Amino acid sequence: MKYSYSFLFFCKVCILVFVPLFFGNSLSAQVAAATVKGKIVDSLSSHPLPAATVRLFESSQKKMVNGNTAIESGGFSIELPWGRYYAVIEHTGYTSFTTSEFVLSAEHPNHELGLIRLVSAATVLNEVVVQSEKSFMELSLDKRVFTVGKDLANAGGSASDILGNIPSVSVDGEGNVRLRGSDNVRILIDGKPSGLVSFKGAGGLQQLPASLIERVEIITNPSARYEAEGNAGIINIVLKKDKRQGFNGSLELITGYYANLGAAVNLNYRHKKINFFLNYGIAYRNQPGAGSLYQEVYGTDTTFISKQNTHNRVKGLNNNIRGGLDYYFTDKSILTASYLFRRSDATRISDIRYEDYLFTPGNLTGTTTRRQDEEEKEPNSEYTISYKKTFKKKDHELTTTAKFIDNWESSQQLFTQHYFNANGTQEPSKSVLQQSLNDEFEKQWLFQLDYTQPIGKEGKLETGIRNSFRDMTNDFVVSEKNALGEFVPLPGLDNIFVYNENIHAAYGILANKSKKISYQAGLRAEWTDVKTVLQKSNEVNPRNYFNLFPSAHFTFNTKDENAVQVSYSRRVRRPFYNDLSPFMTYSDSRNFFSGNPDLNPEYSDVGEIGYIMNFDKGSLFSGVYYRSTKGKIDRIRRVDDEGKSATRPENLLKEEAWGAEFTGAWTPVKWWKLDMNVNLFHSAIDGSNILASYKASSYTWFARQTSRFSLPHNIEIQARGNYEAAQKTAQGKRKSVYYIDFSASKDIFKGKGTMNLNVLDVFNSRRNRSISTGPNFYSEGNSQFRRRQINFTISYRIRQGKPTPKKADTEEGF
């Protein structure tokens, strides 16, 4: 009954949020009698520019009357009352374009703006750098786009830092990413899987410098065009690449405390039909961290208490290089080849102190110290080749991609452990020396083809196929030094884990538009073939399953500048390599983490209603969403009688969740810009299949507000506040997280350079705190593995800048 009540409450929220907004604007709109149409494309490649904004102004009063965003094909259609108007067309990364004045009347009820070719935002005229404003946040119904360079807090950081600055997204101290309260999110780089998020998951993004990233796209309810993985949605990280004629680029130097030293170079050269691009980044970091864990374990007639304190320091050197070329057979036929190489070398020193008590914290029985000394190296290579053909007819195009990932990681760890009795005397007989050797290998092939065929005047059929072949191997052994001085493998901790995954998919989408209404329906079919093998123990676990994933999107454009969209999709979270690997982490001799070879996929039905409202000084996106998940995957912690815990993922019965989200951008005055995101979230988790008491119903919320001030002398200041409220889990709760970031920048070198200072987590308050309970234990954790960070960067633009608006190229008709 709790779930049915949640669903009814969700429906009420939908009504309360959208009915006043929708009807309030619709009733106040003027009666339209004319239509303005056009299509927006890139001036060089002729690629459509979906989500470009079009605003119509009444000429005499210069007041905005209506507006809309371009659809996937770049086209737009806006209804207006008769009158005299001009249009302003804008898109992130391009100079804005203002049309000449035109008249709508009974004699001229329809006006064609034709093909509007927007020019890339950075352009050079006789070596003079010109400037213009680029928006940080671009809102549309199907996705939100965030331009990295305009957020001052991103300077000197990593891809993980960038995601932590984006609305709806939260990142914990270990780099784990959550979208709208869920950690089941698919992360792509340039629209495809990447080795960066293979072995370490989203934590691998800490090795990618922010200076190599152009923008981030958030897609909360993807269509059948996208792979079905990721119940909460998709985060797509787009790397930098320019297409302008001639030579251009940028340089960046970084320093910071705690140690954060780095440099980045982005170069681009285009001559006629060939465009070369090269990105390189190097970063050295020395980051401290600390954590504590208090635990009580209840026996039949005893209570064991332990206090654990951890201090660690990670030193890492990361190199990233990406190069490639675009070959333009014509502006509508482009072949692209690229290569990415990344190498990470790290050392980690962790010191853990365990204090053991009996019955009360005042009755100490002994103390244990343990040190982890790890050396890790991880080279990763990615090869990509793609081809795109745009035909003469609108929305008629073909795209194909082939990608190969070759990833390898090697870790060598030495563990030294000593025991001291209650009076502080060491007992040498209880000293332990252990070592762990871990080699992981990944090879993956990806092939994808997408084809779009226009149907009738506004309709189109999209179809495509995708094949992925992934092989991963983990050679793992933990050994302990015996009395003879020999290292002997520990029982159950010496094996080779092999993971083979083949996924084959095909999809079709039928879309059409009729006046103010556009709609699409899609179906994606995926066949999954997964097999895991423990070679030394000859344990084989094959999994094969076929699934259909429908999706539907319905959009209604109101008579003003607003629009509402209703969408549905079915999503999946497949157990991945780390979810299935049975090998336990061994750095902590009392708290072990592993995968679960018997884990099954979880499936979600996701519904969303979104409403976007554009106005003179900003825009607002509001939405409500509902997610019903069967077989939810969550980590369950168990503690034995000796106080040792084992945590691994398990399939719970289900989770039902709903939320309301509001994201807006507002410029109240010319020198002050506001971005705001609020996410209200409710979840009801049922893990009674594990233990009857593992049920939780939780209301929580997340808020982030950014203020940016433009001061004289090209100085900008930015402040951001973040708050994530507490949330219940199946075994306890995560406590609230809150922190403030501050940034300032100033243009130098006559506008060709910028220096930036940021302080992340100004008050050093960003801590992960949690409570976990079970039948025989209570534990409370507090950790901070990312402390306050101060970064200073200087960037220099070569034949590049922040350009001022200039007119776009236009062509009549399309």
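Student: Is Glu-227 buried or exposed?

Tutor: The general idea is to take the relative accessible area of a residue and compare it with a cut-off; under 20% means buried. Glu-227 has a relative accessibility of 11%, and therefore counts as buried. Please bear in mind that this is a predicted model.

Student: With which residue does the side chain of Glu-227 meet in a salt bridge?

Tutor: The partner is Arg-466, with 3.5 Å from N to O. Arg-466 has a relative accessibility of 9%, so this residue counts as buried as well.

Student: Which parts does this pair tie together?

Tutor: For any such pair, one looks up the element that holds each residue. Glu-227 is in the loop between β16 and β17, whereas Arg-466 belongs to strand β26 (residues 459-481); the pair therefore ties together parts that are 239 residues apart in sequence.

Student: How many salt bridges does a search of the whole structure find?

Tutor: The search finds 31. Another of them joins Asp-351 and Arg-371, whose closest N and O atoms are 2.7 Å apart. That pair links distant parts of the chain, 20 residues apart: Asp-351 is in strand β22 (residues 333-358) and Arg-371 in strand β23 (residues 364-390). Asp-351, at 29% relative accessibility, counts as partly exposed, and Arg-371, at 40%, also counts as partly exposed.

Student: How far apart are the closest N and O atoms of Glu-397 and Lys-388?

Tutor: They are 4.0 Å apart, and the two residues form a salt bridge. Here the cut-off itself matters: the nitrogen must lie within 4 Å of the carboxyl oxygen. Glu-397 counts as partly exposed at 22% relative accessibility, and Lys-388 likewise counts as partly exposed at 22%.

Student: Which residues are linked in a network of salt bridges?

Tutor: Glu-229, Arg-524, Glu-526 and Arg-574 are linked in this way.

Student: Let us turn to nonpolar residues. Which residues touch the most other members of the largest nonpolar core?

Tutor: One reads a core by its members, and then by the elements that supply them. The largest nonpolar core has 25 residues, and Leu-163, Val-169, Ile-213, Val-216 and Ile-235 touch the most other members. At least two residues of this core come from each of α2 (159-164), β13 (169-171), β14 (177-179), β15 (186-189), β16 (213-219) and β17 (234-239). Apart from this core lies another, of 21 residues, including Ile-40, Leu-80, Ala-87 and Leu-104.

Student: Which residues does Val-169 touch, not counting those up to four places away in sequence?

Tutor: Among them are Leu-163, Val-177, Leu-179, Ile-218 and Ile-235, together with Phe-702 and Arg-704.

Student: In what order do the 3 strands of the open sheet lie?

Tutor: The order is β31-β35-β34, with mixed pairing. Strands β31 (591-593) and β34 (633-639) are at the edges, each pairing on one side only. On average, neighbouring strands of this sheet are turned by 30° against each other, direction ignored. Strand β34 pairs with β35 (residues 645-651) in the antiparallel sense over 7 bridges, and Ile-636 has Arg-648 in β35 as its bridge partner.

Student: Where does Leu-534 lie, and which residues is it in contact with?

Tutor: Leu-534 lies in strand β28 (residues 517-534) and is buried, with a relative accessible area of 11%. Leaving aside neighbours within four places in sequence, Leu-534 is in contact with Asn-495, Ile-496, Phe-497, Glu-539, Pro-582 and Phe-583.

Student: How many helices and strands are there in the protein as a whole?

Tutor: There are 3 helices and 47 strands. Of the 814 residues, 55% count as buried.

Technical notes:
Residues are numbered from 1 along each chain as its sequence is written. This is a predicted model: local features need pLDDT of at least 70, side-chain atom pairs count only at pLDDT 80 or more; totals for chains, interfaces and linings use all residues. Side-chain values use heavy atoms; hydrogens and water are left out. Two strands pair if DSSP finds at least two bridges between them. Helices (H or I, at least four residues) and strands (E, at least two) are DSSP runs, numbered from the N terminus. Axes are lines fitted to C-alpha atoms, for helices over the stretch in contact, and angles run from 0 to 180 degrees between N-to-C directions. Buried means under 20% relative accessible area, exposed over 50%, partly exposed in between (1.4 Å probe, protein chains only). A nonpolar core is a set of buried Ala, Val, Leu, Ile, Met, Phe, Trp, Tyr and Cys residues joined through side-chain atoms within 4.5 Å. Contact means heavy atoms within 4.5 Å.
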